[in-house]
Amino acid sequence: MRLLRYGGLLAALGIAGLAGGVFWLQGQGVTPRALGPYLERRAEGHNPLVTDTGQWLNLTLRGLDRGADAGPYPLPPLAVGAQAAPSGSGAGAQKPVATVEEARDAFAAALSGDVITFAPGVYRVRDAFEARRPGVEGVPVVVRAEQPGSVVLEFEAGEGFKVAAPYWRFENLEIRGACRQPEYCHHAFHVTGKARGFAAVNNTIVDFNAHFKINGDKSGYPDAGLIEGNTLTNTAPRRVYGPVTPIDLVAANDWTIRANLITDFIKDGGDRVSYGAFAKGAAARTLFERNVVLCEHKLRGMPGERVGLSFGGGATGKQYCRDGRCITEHDAGVMRANLIASCSDAGIYINSGAGTRIVDNTLLDTAGVQVRFPESSATLEGNLIDGAAVARNGARLSMGDNRSTSIAALYAGLHAQRGLFAEPGILDLHWKDGAPRRDTAAAPGVDLCGVKRPAQPAYGAFEDFAACLKPRN
């Protein structure tokens with residue numbers, strides 16, 4: 001999100017008007033992590049005193065809001081994202097392939113129920129695999145590895161898989177962008193047109209601008225897809241002007257995006273704004289559930305705005321909208337039991353998203369929840385937000401029972417929600433003194449870790465983070 005030009009900010013932060021300035025900033029939804037870079041940019045190109053002051057203000061405000069950066073840390077063994085145990089049974093008409101050419105032939109001749117299984121090895125692929133033969137609901141065409149980690153597909157191409165037919169499923173693959181100029185690796189999967197019922201389960205996908213690009217075309221819209229249990233990450237910033245969003249969904253309905261690990265989606269070009277995942281373009285009924293989104297894990301401290309999850313993203317050109325207008329960017333979306341952390345901008349951002357439900361999420365070290373524009377309406381219930389929930393530009397926000405922190409408290413360096421955990425900066429999220437619990441009962445379902453919610457649930461995404469950790473071998 002681009003910062004608006006806030007007139008008189010420097011004056012508002014003067015010593016005499018500091019308190020009033022902070023409360024004005026709270027009313028505008030401006031967090032310290034947003035104000036600091038703005039002030040530094042405004043000071044650029046002036047005399048050294050002004051420039052140095054801008055840099056100092058940015059560092060100071062960042063420190064108040066985000067705390068000290070301990071640097072990259074090893075991830076605990078999470079039970080979300082790609083797992084060592086294989087997904088799927090592999091039952092069906094077996095089509096083993098051991099070369100890129102054999103795989104292309106299998107794709108070209110695929111029938112519903114075929115199981116295209118890559119032999120273990122590393123495959124260098126210079127043109128996209130095209131999935132244009134239809135599967136059948138309940139009997140998809142399956143593309144897989146027997147064991148996760150045994151098959152590595154290195155794509156030296158703008159797209160890895162172009163899926164334009166219904167009911168294809170991809171599982172247990174390791175997929176890497178390997179373009180000579182990394183920014184040319186756009187999508188691991190481009191799911192488009194008639195590709196209804198697409199599924200990607202238990203894959204590890206690395207080094208793409210948009211690991212999943214989902215959109216309609218003249219033939220139709222790829223509705224009712226599933227992205228579950230994948231790890232999506234990048235090893236370096238993406239030096240591009242176009243979108244950097246691991247899951248980029250436009251104009252498709254009824255997608256479920258569940259139990260994925262999404263990290264390090266840094267855009268080092270253009271507006272430097274990136275998202276972990278969004279659904280927009282007059283899409284409807286997207287479910288983001290039980291995902292872990294770490295905007296900055298190994299790649300930290302870089303310029304730019306990084307947003308966790310969004311309905312609406314940065315908006316859509318009308319020609320790409322499902323209704324031709326994008327009266328709303330998204331309708332009836334749900335974000336439930338997600339953990340979102342280490343984002344330089346909002347953890348959750350709703351842009352022209354109507355009828356949104358934001359339930360039982362945990363947001364740590366983000367700019368909180370931001371809901372914008374008159375078309376937006378959102379209900380928040382059971383969330384634990386290290387930051388504030390803010391409605392701007394005419395949006396409607398219905399706050400149920402949540403725990404959050406005011407923006408004014410952030411300017412004082414106070415982080416009551418972050419303080420509930422042992423070491424949130426390194427994702428040690430064991431409760432310090434027991435879980436804060438709600439008085440009201442939760443809706444039926446499970447938490448981030450797959451644990452059934454009790455009668456008096458904890459605020460946020462999980463009851464006990466230990467249940468989210470796999471035993472180490």
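A: A disulfide is taken here as a pair of cysteine sulfur atoms within 2.5 Å. The model is predicted, with local features needing pLDDT of at least 70 and side-chain atom pairs pLDDT 80 or more, while totals for chains, interfaces and linings use all residues. Residues are numbered from 1 along each chain as its sequence is written, and side-chain values use heavy atoms, with hydrogens and water left out.

The distance rule gives four disulfides. When the bonded cysteines of the protein are numbered in sequence order, they pair as 1-2, 3-6, 4-5 and 7-8. Among the links is that of C179 with C185, where the S to S distance is 2.0 Å. This link of C179 and C185 is right-handed, with 100° about the S-S bond. C179 and C185 are both buried (under 20% relative accessible area with a 1.4 Å probe and protein chains only; exposed is over 50%, and partly exposed lies in between).

A further disulfide is formed by C295 and C343, whose sulfur atoms are 2.0 Å apart. The link of C295 and C343 is right-handed, at 70° about the S-S bond. C295 sits in the loop between β22 (292-294) and β23 (305-311), and C343 in the loop between β26 (339-341) and β27, so this pair ties together parts that are 48 residues apart in sequence. Strands here are DSSP runs of E of at least two residues, numbered from the N terminus. Both C295 and C343 are buried.

C321 and C326 make another of these links, again with sulfur atoms 2.0 Å apart. The angle about the S-S bond of C321 and C326 is -105°, and the link is left-handed. C321 is buried, as is C326.

Strand β24 (residues 330-331) is joined to β28 by two bridges, and the two run parallel. Within this pairing, H330 stands opposite G353 of β28.

The second largest pocket has 34 lining residues, and F278, K280, G314, A315 and T316 are those nearest its centre. A pocket is an open set of points on a 1 Å grid over the protein atoms alone where a 1.4 Å probe fits, with protein on both sides within 12 Å along at least five of seven lines; lining residues have an atom within 4 Å of a point. Two or more lining residues of the second largest pocket come from each of β13 (212-215), β16 (247-250), β19 (273-280) and β27 (348-351). β19 gives the most to this lining, with four residues.

Finally, R438 lies in the segment after β37 (428-431). This arginine, R438, is buried, with a relative accessible area of 3%. The side chain of R438 makes a polar contact of 3.3 Å with the side chain of D360 (N or O atoms within 3.5 Å; within protein, one able to donate a hydrogen and the other to accept it, and residues adjacent in sequence counting only if both atoms are side-chain atoms). A polar contact of 3.1 Å also links the side chains of R438 and E381.

Definitions and conventions. Two strands pair if DSSP finds at least two bridges between them.
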